[in-house]
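Welcome! Keep the 3D view open as you go.

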Amino acid sequence: MSLLSVRNLVIDYARTRALDGAGLEVAQGESVGVVGESGSGKSTLGSAVGRLLPRAARRTEGEVLVAGEPVFDLPAARLRHLRRKHLGFVFQDPIGSLDPTMRVGDQLRLVLGRGGDVRFHLGRVRLDDPRVLRAYPHQLSGGMAQRVAIAMAMATSPDLLVADEPTAALDSQVREEVSDVIFTLAAEAGTSILWLSHDLPAVARRCDRVAVMYGGRVVESGPAAQVLGHPAHPYTAALARSAPAAAAHGVRLEPVPGRPPVLTGPSPGCAFAPRCAFAEDRCAHERPAPVRVREQDVLCHKAIELEDRLTAPIEPAPIEPAPIEPAPIEPAPIEPAPNTTEVTA
Amino acid sequence: MRLLMWWSGRALSSAATLLGVSVLIFAAVRLMPGGFAETVLGPFATPEQKAELAARYGLDQPVFVQYGHWLAAVAGGDFGFSMISRQPVGAELLARLPITAELTVLAVAASVLLGVPLGVLTAVRARPTGGGAAGRLLSGLGVSVPEFVLGSLVVFVFSRYALGLQVGSWVPLTRDPAANLATMILPAAVLSVFSISVTARTTRDAVMGVLVEPYVTAAVGRGESPWSIVRHHILRNAATPVVTLIGTTTAYLLGGALIVEHVFNLPGVGSYIVQAVGRRDYAVVQAGVLLAAGVFIVMNVLIDLLVGAIDPRLGVMAGRRA
């Protein structure tokens, strides 16, 4: 049984549809990278795992199972227990995700409880300066704050760590160090990682598997090297070709033509069809069902036909030095304004 | 060093403010239509009688000379004599201050004890769609009904029907605390309606603002209970606007106390000043307004200190890195 199982999940905000039948499986101890453009539903998927969606969000269909428990159908107390025991979260804004009016040491102690060894947990994220304990979050650098957030998330050795672009707001030198800390701690604790990222090369290098999101669905998933090296979905191929950090010198970057969709209801066909070079009639009218191509699960009518015809420049070999965050491919649609998180849940 | 600089800066600006207020109020009481002589002597007094009275009180001198005399006396702690009762203003204000202070403290306590929990509760329980309409109506009503209307209504209802609480009488705190409280509770309630509403609304907005902060989402994600989140992460972070509001409201309540004391016939500072304005008792009005300005200034310094203690990013010593 997988640790995390997202099944046909549909999440609606007031007027936009953030997830349009997303599906994803994460096994115990595995690291899964979720990639896609801004607005593809990555963050919504990550938040949905812990039912941390803004208040305005509604689960219209589908379910999320964490360790077999249906996250969206649990009573409040059981949900809190599940979050405490099984889940950890690291967010994009490191300083913002720490309480600005509480000293770092006090925040850690709140998580660890009485008798928790604060120094030990800071040491694990390689923060050895004892002054950090007395500091307020605004006195820390982004990298230090993110290490504190990681220490708090990993203090309980959760089964699954959801990391929503944890390095996107950091300087490129710090990025690798912070990623190292996360993956090292997770490996020690046997924690699975759900890594939401724009950074395709980093995902290729660090994650066991990759899920590619487009229009609120996971359009392709499979082993990282396979998905990014030999894509089976035209969108994955286009995304990989447009990643600047991955391109060899002299290779032309190809932006994905058109812009990502903003859904207001279920997409009638394949959401990528208007931008797809291989689209045919039925792509616009018929929702693709999952097919198996090599080791990948793909949502594409033409996946079988296109097998071995799609290319991508991303090689899973390590790329040094640290890559630069790829620019958004196209102007991103405006995400629905975050509303109040349901504290009572 | 930095702290010393801050304090001396505050002291200087406070002194400047007080000086400005004193000029304004000195000019304002003299600009009121119907001067002291007219009010005391009535409409049929001859110009000679008026001139004689004015001369007796020094009102015939140029205004800036009068101001100079007054300022020198005030600086020495002498607020002069009431022109009506011939009693020293300072002593009279001091005797009446405890009543106004008690009234204000009761009203502020009610705002904190009722307004803050109400605001927190309505914010945390708020649903995304609709709701809160009843709360908005209530707080809107509480903000917009003037004290004299509510006060008169309460006085009428409680004097017309025997409801257990007396209105129109007053017992000193030192003689019988219980009886004193019984006479103060209605005026304090009337006075606090406004501030409870404003406090509840401001608290609600502040808490709603904090609820969307990523660190609250992070705390929810760690599985903290709603009560723990409110206690550890929300109260302190939402406190800045509420403390600022309560501080300014406290000073403002002193103004509201004017009317409430008058309506309920309490011998506080407020009713003293209201009577003095009616009779053009310049010395009393000047001293009263100066006192109110002083309270405002002290409250503002307190707010700044408190806000700095609450939020390390805003403190007097902010900017110092660990």
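Two strands count as paired if DSSP finds at least two bridges between them. Keep in mind throughout that this is a predicted model.

**Exercise 1. Find how strands S7 and S8 of chain A run relative to each other, parallel or antiparallel, and how many bridges join them.**

Solution. Start with strand S7 (residues 160–164) of chain A and strand S8 (residues 192–197) of chain A. Five bridges join them, and the two strands run parallel.

**Exercise 2. Work out the strand order of the eight-stranded sheet in chain A, and name its edges.**

Solution. Step one: trace the order, which is S6-S7-S8-S3-S9-S10-S12-S11 in this open sheet. Step two: check the sense of pairing, which is mixed. Step three: look for strands that pair on one side only, namely strand S6 (87–90) and strand S11 (290–293) of chain A. Finally, follow the twist, which averages 20° from one strand to the next.

**Exercise 3. Describe the four-stranded sheet of chain A and the helix that packs on it.**

Solution. Begin with the order S2-S1-S4-S5, an open sheet with antiparallel pairing. Its edge strands are S2 (17–26) and S5 (69–70) of chain A. Now turn to helix H1 (residues 42–49) of chain A, which packs on the sheet and touches S1 (4–12), S2 and S4. The direction of H1 makes about 120° with that of S1(A). For a closer look at one pair, take strand S4 (residues 58–66) and S5(A), which pair in the antiparallel sense over two bridges. Here A:Leu65 stands opposite A:Pro70 in S5(A).

**Exercise 4. Survey chain B: which kinds of secondary structure does it have, and where are its domains?**

Solution. Count the elements first: chain B has 12 helices and zero strands. Next, take the domain assignment, which gives domain 1 (14–75) and domain 2 (95–278). The centres of these two domains, taken over C-alpha atoms, are separated by 37 Å. Lastly, the C-alpha atoms of the chain fill a box of roughly 85 × 60 × 40 Å along the principal axes.

**Exercise 5. Compare the UniProt annotation of chain B with the model.**

Solution. The unreviewed UniProt entry places the feature "transmembrane region" at residues 103–124, 136–158, 178–198, 242–264 and 284–307 of chain B. Check two of these stretches. Residues 103–124 are 100% helix, with end C-alpha atoms 31 Å apart. Residues 242–264 are also 100% helix, and their end C-alpha atoms are 29 Å apart.

**Exercise 6. Decide how H10(B) and H12(B) are oriented relative to each other.**

Solution. The axes of H10(B) and helix H12 (residues 282–310) of chain B come within 9 Å and cross at roughly 170°. Angles over 145 degrees count as roughly antiparallel, so H10(B) is roughly antiparallel to H12(B). By class, their contact has 13 nonpolar, seven polar and one charged residues. Among the residues that meet are B:Val243 and B:Leu254 in H10(B), and B:Phe296 and B:Met299 in H12(B).

**Exercise 7. Which helix of chain B supplies the largest share of the side that touches chain A?**

Solution. The contact takes 28 residues from chain B and 32 residues from chain A. On the chain B side, helix H8 (177–211), helix H9 (214–221) and helix H10 (226–264) each supply at least two residues. The largest share, seven residues, comes from H9(B). The chain B side divides into 15 nonpolar, seven polar and six charged residues.

Methods. Residues numbered from 1 in each chain as written. Chains lettered and ligands numbered in written order. Predicted model: local features only at pLDDT ≥ 70, side-chain atom pairs only at ≥ 80, totals over all residues. Contact = placed C-beta atoms within 7 Å. Axes fitted to C-alpha atoms, helices over the stretch in contact; angles between N-to-C directions. Nonpolar A, V, L, I, M, F, W, Y, C, P; charged D, E, K, R; others polar. UniProt positions renumbered as here; feature names shortened; annotations may be inferred. Parallel < 35°, antiparallel > 145°, perpendicular 65-115°, else oblique. Domains from an automatic or database assignment.
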